[in-house]
Amino acid sequence: MTDNNYIIGIDLGGTNIKVGLFHENFTAAGELSIPTEAVQGPAHVLERIRLAVSQLCAGSGVELRQIACMGMGIPGLLDPEEGLSVFSPNFPGWEQVHVVDEMKPYYDFAVYIDNDVRVNLYGEWQQGAGKGCRNLVLLTLGTGLGSGIVHDGKVLYGTTFSAGEIGHMNMYRQGRPCRCGSSGCLGRYVSAVGMVHTFKEKLQEGRTSLIQTWTKHDHEQITAKMISEAYDLGDPLAIEVMHETGELLGFGLANVINLLNPELIIIGGGMAAAGDRLLNTVCNTVNAHALKLPGSHCRIVQAELGSRAGTLGAAVYAYQKQKHPLREEWL
């Protein structure tokens, strides 16, 4: 790559398409976000992506010939080697979408895709909290629980490119139903949606909380942010639910530590804003239940890149794919 080359990173979300333009040292050259309009189908979403790229380049004074490559983080199941998005649950009609082939007629540069959580992992690993680590796990806590794994300096993909589904570890034999078809999955409890569900269950049992006055007893208005705010005000139910959520995540991470022996676990996603309210219980539970040797050599930290992780990570991923097509050469 020459000095006047740029890299594009795209974070495809159900609500917004975020696009970042980066120099090859990964300093930002521009960014843009436009609505996804996912309900209008795959072809429309792909056109929206191309529109966002065009607008960003025009606004940044960069021509397409100056783009070296583009990386895209896409939710759901996919085949990054084929450039194929197999299924994305929050995108209507999005099945067997060959994203890379759909982009080829419009761009002379290479386009690469990967799962949205894995591109976040690439960002934090190469440019954020995981810099320099050879064994780490990233969790994104938001609507659900996503995760990615770096083991001995390589990102784990697995046979069907779906390695690292920590959110689908079964924590209860007969637990909450999950869209994966199983029940009792960790992500059904440890996520923004899961924590709110736990809170609502306790209200239905007759418990009370000051949040009820905020929402005028409309339980559908309760959010994870409200639980954090009530926690800070000393609300007993909010404190209990936060601790229960942190404890269950701690048990899940104890299993991860015992299985993978990471040196670092990074907690990202919107729910990570709960900070020590959640992580203190997580760390206490891990310390009590993980095997002592691997547990004592693993740190649990918050992500550093925040909302930039998706676009930056997609750019990092594309750059590495362009520079070293074989992942074994990445470190």
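This is a predicted model: local features need pLDDT of at least 70, side-chain atom pairs count only at pLDDT 80 or more; totals for chains, interfaces and linings use all residues.
Residues are numbered from 1 along each chain as its sequence is written, and side-chain values use heavy atoms, with hydrogens and water left out.

**Figure 1. The open sheet of five strands.** The strand order is β11-β10-β9-β12-β13, and the pairing is mixed. Helices (H or I, at least four residues) and strands (E, at least two) are DSSP runs, numbered from the N terminus; two strands pair if DSSP finds at least two bridges between them. Strands of a sheet pair through backbone hydrogen bonds, either parallel or antiparallel.

Figure 2. Helix α7 (residues 236–260) lies across β9, β10, β12 (264–268) and β13, and runs at about 155° to β9. Helix α8 (residues 276–289) lies across β9, β12 and β13, at about 170° to β13. Axes are lines fitted to C-alpha atoms, for helices over the stretch in contact, and angles run from 0 to 180 degrees between N-to-C directions.

**Figure 3. The largest nonpolar core.** A nonpolar core is a set of buried Ala, Val, Leu, Ile, Met, Phe, Trp, Tyr and Cys residues joined through side-chain atoms within 4.5 Å; buried means under 20% relative accessible area, exposed over 50%, and partly exposed in between (1.4 Å probe, protein chains only). The largest core has 42 residues, and F199, L249, L253 and I267 have the most contacts inside it. Two or more residues each come from β9, β10, α4, α6 (224–232), α7, β12 and α8. Helix α7 gives the most, with eleven residues. Leaving aside neighbours within four places in sequence, I267 is in contact (heavy atoms within 4.5 Å) with partners including L139, L141, L253, L279 and I300. A second, separate core of 32 residues includes A52, C57, V62 and I74.

**Figure 4. The hairpin of β2 and β3.** Strand β2 (residues 16–23) and strand β3 (residues 28–35) run antiparallel and are joined by seven bridges. V19 stands opposite L32 in β3. Four residues lie between the two strands of this hairpin, and F26 in the turn has a positive phi of about 70°. Most residues other than glycine have a negative phi. F26 counts as buried, at 13% relative accessibility.

**Figure 5. N261 between α7 and β12.** N261 lies in the loop between α7 and β12. Its phi is near 55°, a positive value in a residue other than glycine. With a relative accessible area of 46%, N261 is partly exposed.

Figure 6. The structure holds seven aromatic pairs. Rings of Phe, Tyr and Trp (its six-membered ring) pair if their centres lie within 6.5 Å; planes under 30 degrees apart count as stacked, over 60 as edge-to-face and the rest as tilted. F91 and W94 form a tilted pair, 5.3 Å centre to centre with 55° between the planes; both F91 and W94 are buried. The ring centres of Y172 and Y189 are 4.9 Å apart and their planes stand at 55°, so this pair is tilted as well. Y172 and Y189 are 17 residues apart, in the loop between β11 (154–155) and α4 (192–204). Y172 is partly exposed at 36% relative accessibility, whereas Y189 is buried with a relative accessible area of 13%. Y122, W125 and Y317 form one aromatic cluster. R50 lies over the face of Y106, at 4.0 Å from the ring centre; a charge sits over a ring if NZ of Lys or CZ of Arg is within 6 Å of the ring centre and within 35 degrees of the ring normal.

**Figure 7. The surroundings of V97.** V97 is placed in strand β7 (residues 95–98) and counts as buried, at 8% relative accessibility. Apart from neighbours within four places in sequence, V97 is in contact with P42, L46, G83, L84 and S85. The C-alpha atoms of V97 and I211 are separated by 43 Å, and the two residues are 114 residues apart along the chain.
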